[in-house]
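The sequence and the model come first.

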Amino acid sequence: MGLGIGLLGFQTTIANSVTLSGTGVHSGAEVAITFHPAEPDSGIVFQRVDGERTVSEFRAVSSQVGNTDLCTVLGFSSSTSIATIEHVMAAIYALGLDNLLIEVQGAEMPIMDGSSAPFIEAIEQTGIETLAVKRRYIRILKPVRIESGPSWSEFTPYDGMRFEVEIDFDCPLIGRQAWKGDITPSVFKTELSRARTFGFMRDVERMWAAGRGLGSSLENSVVIADDNTVINIEGLRYTDEFARHKTLDAVGDLALAGAPFIGCYRSYRGGHKMNANALKALMSDPTAYEIVETATRRQRVTPREVIAVNAP
Ligand SMILES: [Zn+2]
């Protein structure tokens, strides 16, 4: 079976703290983040700090997600929220990390090169430690589907963690393309982690004029010109880099379930909002999933533990 996320079923954290810094894509400001090891059952926690002062703290779960227009934001007020968490969450989820404290000097994650690769590198540099407490998984029991115009996304039962993400752009360079596969740490690393954010030149110019996306540049996004060519001199990292990046985004957004899921997630013309809504639809139907302690054997846990997985 394709479940690469901790076959042994024990929780993990990182061995030592590690710091990264880079540009925030929305503010254009320099931001630094530090990953710290954390206790079992503490989950992935983001802490916004200003010097020595803690501004806010959020567990990375769907109930804490505010805005999803341009990126995924934790929190509901700009003075305390933490933006652009999806590429970091994708790296954490794909590597099978359960517990982590992420200290952020600023209001958003650094965009780095627009992919998850720099976060994977940082985590691998410090190493992953296994803890003596069992991990919980969310096993999909029946299909859950949402639709919005031509877009749809659905969870279905599957013996592993599978993503099938298809995009369809009215732009010949992108067109219709899909990435389908079982997610394991090595599959994520080689096939998805390096896929960058992308955008159209006309949108970038509009965003800049509105004072947004100030940190966005050719160093952290693939930019497509009006004549349907890639502006970046280095070109694309994969011919279907667009579908791969959308899959990376979906991995990061579904990480907000608070536990790895066992099932297949399919989406067509989706995005952060569809991913967030699909997760909400799944979580709001207790007959659609069960919380299990091992990936291989059916073993129900108590309702109290179910709540703990997605607790604020
Ligand atoms: Zn993205």
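At 9% relative accessibility, Cys-171 counts as buried, where buried means under 20% relative accessible area, exposed over 50%, and partly exposed in between (1.4 Å probe, protein chains only). Cys-264 is buried as well, at 2%. The structure holds zero disulfides, a disulfide being a pair of cysteine sulfur atoms within 2.5 Å.

The model is predicted: local features need pLDDT of at least 70, side-chain atom pairs count only at pLDDT 80 or more, and totals for chains, interfaces and linings use all residues. Residues are numbered from 1 along each chain as its sequence is written, and side-chain values use heavy atoms, with hydrogens and water left out.

**Pocket**

The largest pocket has about 870 Å³ of space. A pocket here is an open set of points on a 1 Å grid over the protein atoms alone, where a 1.4 Å probe fits, with protein on both sides within 12 Å along at least five of seven lines; lining residues have an atom within 4 Å of a point. Grid points are joined across faces, edges and corners, and the volume is the space filled by probe spheres set on the points. The lining of the largest pocket has 34 residues, and Asp-69, Leu-70, Thr-197, Phe-198 and Gly-199 are the closest to its centre. Two or more lining residues come from each of α1 (86–94), β13 (198–200), α4 (201–209), α5 (241–254) and α6 (272–283). These elements are DSSP runs numbered from the N terminus: helices (H or I) of at least four residues and strands (E) of at least two. With four residues, α4 gives the most to this lining. By type, the lining divides into twelve nonpolar, 14 polar and eight charged residues. Ala, Val, Leu, Ile, Met, Phe, Trp, Tyr, Cys and Pro count as nonpolar, Asp, Glu, Lys and Arg as charged, and the others, Gly among them, as polar.

**Aromatic contacts**

A search of the whole structure finds eight aromatic pairs. Rings of Phe, Tyr and Trp (its six-membered ring) pair if their centres lie within 6.5 Å; planes under 30 degrees apart count as stacked, over 60 as edge-to-face and the rest as tilted. Two of the pairs are tabulated.

| Pair | Centre to centre | Angle between planes | Type |
|---|---|---|---|
| Phe-163 and Phe-261 | 5.7 Å | 65 degrees | edge-to-face |
| Phe-169 and Phe-200 | 6.2 Å | 40 degrees | tilted |

Phe-163 in strand β11 (residues 161–168) and Phe-261 in strand β15 (residues 261–268) are 98 residues apart, so their pair links distant parts of the chain. Phe-163 is buried at 0% relative accessible area, and Phe-261 is buried at 3%. Ring pairs also join Phe-163 and Phe-261 with Phe-155 and Tyr-265 in a cluster.

Phe-169 lies in the loop between β11 and β12 (176–182) and Phe-200 in strand β13, so this pair ties together parts 31 residues apart in sequence. Phe-169 is partly exposed at 26%, whereas Phe-200 is buried at 11%.

The charged end of Arg-145 sits over the ring of Trp-152, 4.5 Å from its centre. For this, NZ of Lys or CZ of Arg must be within 6 Å of the ring centre and within 35 degrees of the ring normal.

**Backbone**

Most residues other than glycine have a negative phi. Asn-228, in the loop between β14 (222–224) and α5, has a positive phi of about 70 degrees. Arg-269, in the loop between β15 and α6, has a positive phi of about 55 degrees. Asn-228 is partly exposed at 24%, and Arg-269 is partly exposed at 38%.
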